Amino acid sequence: MGRTWALLRNSWRQLTSMRTALILLFLLAVAAIPGSVLPQRSVNATRVGQYLTDHPTLGPWLDRVWAFDVFSSPWFSAIYLLLFTSLVGCVVPRLRDHVRALRSVPPDAPARLERLPQHAAGLTHDGDVASVATILRRHRWRTVVRGQSVSAEKGYLKETGNLLFHFALLAVLFGVALGSWYGWHANRLVVAGSDGAFCNTVQQYDEYGLGARVDAGDLAPFCFELTDFSASYLDSGQPVSFSAGASLTGPAVGRPRVAHFSVNSPLRLTDANVYLLGHGYAPILRYTDRFGQTQTTVAPFLPVDGGLTSEGVAAFPDVNRREPKQQMAFDGLYLPTAPETGPVLRSTHPEERAPALMLVAYRGDLGLDAGIPQSVYVLNQRQVRAGQLTQVGDAKLLRPGGSWTLDDGTTVEFVGTRQWVTLSIRYDPGERVVLVSVILLLVGLMLSLTGKRRRIWVRVTPAPDGGRSLIEAGGLARSDHPGFAAEFRALTQRISGED
Amino acid sequence: MSAVSDQLLVVAVLSYLAAMLCAAAEFAFGQRGVVARAATRELVSVGAGSSASPVPASPADPSAAAPDRAWRASWAGRAALAAFVVGVVAHAGCAAARGLAADRMPWGNMYEFVISVTLVGAFVWLGLVWRRPALRHLTLYVALALVFLLGLAGMVLYTAVNPLVPALNSYWFVVHVTAVTLASGIFLVGFVVATMYLIRNGYEKGKRSFPYTLGRRLPAASTLEPLAFRLHAFAFPIWTFGVAAGAIWAEAAWGRYWGWDPKETWAFISWVVYTGYLHARATPSVRRPVATWIAVAGWVTMMMNLFGVNIFFVGFHSYAGV
């Protein structure tokens, strides 16, 4: 039993030692490297999928060791949890010692002051021990008089700052955990207009994540409609500003109102923030089928370059009275500013200065009834390869307002475009905790790096004949303090020079 | 105005090069003269980081330099410092002109960022040399680092002036980028001094292979090491603040205060490595050279953050403009 206890105690001492902290810090730094080199699911899940496709043998093995989820992996967590345990184990006893030091008085002067790093003898002072103590107190030294000697200490803020810094680190960890448990986030693409409006429920999001202690009913109740979006660009195509206007309703908002927000100034509601991420164009296509029925669809296209050349699909699965193999879809390339000459491949400017839409028509079975999820931005390639979905005619270039009559007499019309934005809606209750903790951390850091712990003792020998008393002083700096010699000199001069 | 900025960059690089050449000449002429005596002075004045108090050269020094060699050496040294000052002025002008041309602070892309960081480093160096004139003999190495980085900026990273992309258009731009620029510049000087310490320490231990031969003309290791520590200790809170300001800005711009974006991750790695350096220095069982190597590793992570992340990794921070 005694041996187990000794083993535990020694292991604990090892864990809380500085050397272990150094090794763990080094490991933490090294462990974070794969999180920056390899794509991470939390940053960009699409790139992770791409990596897995590109590396069919290595990819799954990396996935097994959480190489694509480094920062939520067990091994990374183990490192920082061990580090924080080591921190707590070191800092709590130090806090105890520091409180004890704050409550006790500076120690008595050593017998031989001449053995201290700083020493001054043979000075005189006009006064007694109490006046020396007063001078020291005026310079904010913590002073105590014992008989004919004065003990003074200064620089407790260094350790206070040090402890504040390390406890603030713990508070940061707590704040992060709080946000992760009780926070949530969601993304979606919103097309401008009343038919693109959505409400803050998990079903209406393209992607969402709820914290461990959050369930779907906890989301703040509000509804959002994108009323306008404006972007301005330079002639070179470089963006200058993006801003969006939205109409908000719901209990979380109070009175229905219109709000504007942009990159760098998000929409802040109670219990949710709305951030503007990206934007693009959604062409509106109107298809008239063989039976004269018209359907209009607004299809968001995804941009592929800085000129907002966009690709997407406009699908019409319910036309032609839902006859089998009579569904229609149009694979499109939209150029906000099509080049005047040459092939129509890339848009030369992100603004709609010369919009053009290149369409390729497909007829057949879109594969939507198979029950397998598929992207709304690309055609189901399996259906195309299987011959279930075939191209109809050649590609056709349409300008806004233009229309195209297909081989079976049906027409498709390019009505115009609408803007869309991608939004990130988030709630993080730990943010404020982290912010306050970081501020305290910085304060603690500055105090601990600038504070200097030092002690001074002064022994006063009163003159036998009632003249000036003899002073002997010694000083000790407890940490690297290059200016202490000068400070000591100035102080002793002040003590002896004061009349 | 942008053309003025480009021309001033050339002037700055050439001036730093001239400073290097003059400093090298000082070493050459001052064979056993000025520099060695300055180094010996440093050895004599032990401890508390004193500046070069005028301790006379020992009269028993048999290989004291001939008077005219010493004169040439001291003039070369002064010319080196003068050329460095001219370089700093041109460098500052280059940054200011670039800022005026772009109508904003000159930190919008990698080219401008490197110009600003090196400018901070140059100013810090001038400040140090002003307070402790004996350090001016290290100007050769500081100028070398500046020439290398500025040359890289001008030849590889150069991009024409353009306004900020909307995501950067925020007052946090000034706060966050000022802080990381300042901290990086001071870390740059700290890295140079730390490297000089390691070279000099190896020389004092008896190593005589290159690069330890450079240590012959360096100030004593016992003065270089505290200086390196103080530079790093000064820059570290500024770096912490810069990263925190970046997180606050990221919350407003991207929706979350920390997302393990590659640049955020490498800023974290640099922070952890410099934390390791500060801890190592406070641990008695860790020898100073070992701790200083950690500081050098910290600078390597900073370079990875500046060049590697911007060029090789895709993330929100891709404003390299390269």
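Colleague: Which residue stands opposite Ala152(A) in β20(A)?
Modeller: Ile456(A) stands opposite Ala152(A). Keep in mind that this is a predicted model.

Colleague: How many bridges join strand β3 of chain A to β20(A)?
Modeller: There are 6 bridges, and β3 (residues 149-154) and β20(A) run antiparallel. β20(A) is also joined to strand β21 (residues 469-477) of chain A, by 8 bridges, again antiparallel. In that pairing Arg454(A) stands opposite Ala477(A) in β21(A).

Colleague: Switching to single residues. Is Glu159(A) buried or exposed?
Modeller: Glu159(A) counts as buried, because its relative accessibility is 13% and the cut-off for buried is under 20%. Glu159(A) is found in helix α7 (residues 156-182) of chain A.

Colleague: What does Glu159(A) touch?
Modeller: Leaving aside residues up to four places away in sequence, Glu159(A) touches Arg94(A), His98(A) and Arg453(A).

Colleague: And Ser72(A), buried or exposed?
Modeller: Ser72(A) is exposed, with a relative accessible area of 56%. Ser72(A) is found in the loop between α4 (58-64) and α5 (74-103) of chain A. The C-alpha atoms of Ser72(A) and Ser42(A) are separated by 9.3 Å, and these two residues are 30 residues apart along the chain.

Colleague: On to chain B. How many helices and strands are there?
Modeller: Chain B has 9 helices and 0 strands. Of its 322 residues, 59% count as buried. Among contacts in chain B with a separation of 6 or more, 82% come from residues 24 or more positions apart.

Colleague: How much accessible surface does chain B have?
Modeller: About 13,000 Å², with 72% of that belonging to carbon and sulfur atoms.

Colleague: Which residues have the most contacts inside the largest nonpolar core?
Modeller: Phe76(A), Tyr16(B), Phe84(B), Trp125(B) and Trp239(B), in a core of 125 residues. Helix α7 (residues 221-254) of chain B gives the largest share of this core, 19 residues. There is also a second, separate core of 54 residues, which includes Val253(A), Tyr287(A), Val412(A) and Ile425(A).

Colleague: What does Trp125(B) touch?
Modeller: Among the residues it touches are Phe84(B), Leu135(B), Leu138(B) and Val193(B), not counting residues up to four places away in sequence.

Colleague: Back to α7(B). How far does it reach?
Modeller: α7(B) reaches 46 Å from its first C-alpha to its last, close to the 50 Å expected at 1.5 Å a residue. Of its 34 residues, 28 are buried. Gly255(B) follows α7(B) and has a positive phi, near 100°.

Colleague: And the ends of helix α8 in chain B, how far apart are they?
Modeller: The end C-alpha atoms of α8 (residues 262-282) are 30 Å apart, which agrees with the 30 Å that 21 residues should span at 1.5 Å a residue.

Colleague: Why is α8(B) called largely enclosed?
Modeller: Because 20 of the 21 residues of α8(B) are buried.

Colleague: Last topic, the two chains together. What area do chain A and chain B bury between them?
Modeller: About 3,700 Å², 70% of it on carbon and sulfur atoms. Leu22(A), Ser36(A) and Asn264(A) lose the most area on the chain A side, together 16% of what that side buries.

Colleague: And how many residues does the contact take from each chain?
Modeller: The contact takes 47 residues from chain A and 48 residues from chain B.

Conventions. Residues are numbered from 1 along each chain as its sequence is written. Chains are lettered from A and ligands numbered from 1 in the order in which they are written. This is a predicted model: local features need pLDDT of at least 70, side-chain atom pairs count only at pLDDT 80 or more; totals for chains, interfaces and linings use all residues. Side-chain values use heavy atoms; hydrogens and water are left out. Helices (H or I, at least four residues) and strands (E, at least two) are DSSP runs, numbered from the N terminus. The expected span of a helix is 1.5 Å times one less than its number of residues. Buried means under 20% relative accessible area, exposed over 50%, partly exposed in between (1.4 Å probe, protein chains only). Contact means heavy atoms within 4.5 Å. Accessible areas come from the Shrake-Rupley method with a 1.4 Å probe; for residues, only the protein chains shown count as cover. A nonpolar core is a set of buried Ala, Val, Leu, Ile, Met, Phe, Trp, Tyr and Cys residues joined through side-chain atoms within 4.5 Å. Buried area is the accessible area (1.4 Å probe) that two parts lose on being put together, summed over both. Two strands pair if DSSP finds at least two bridges between them.
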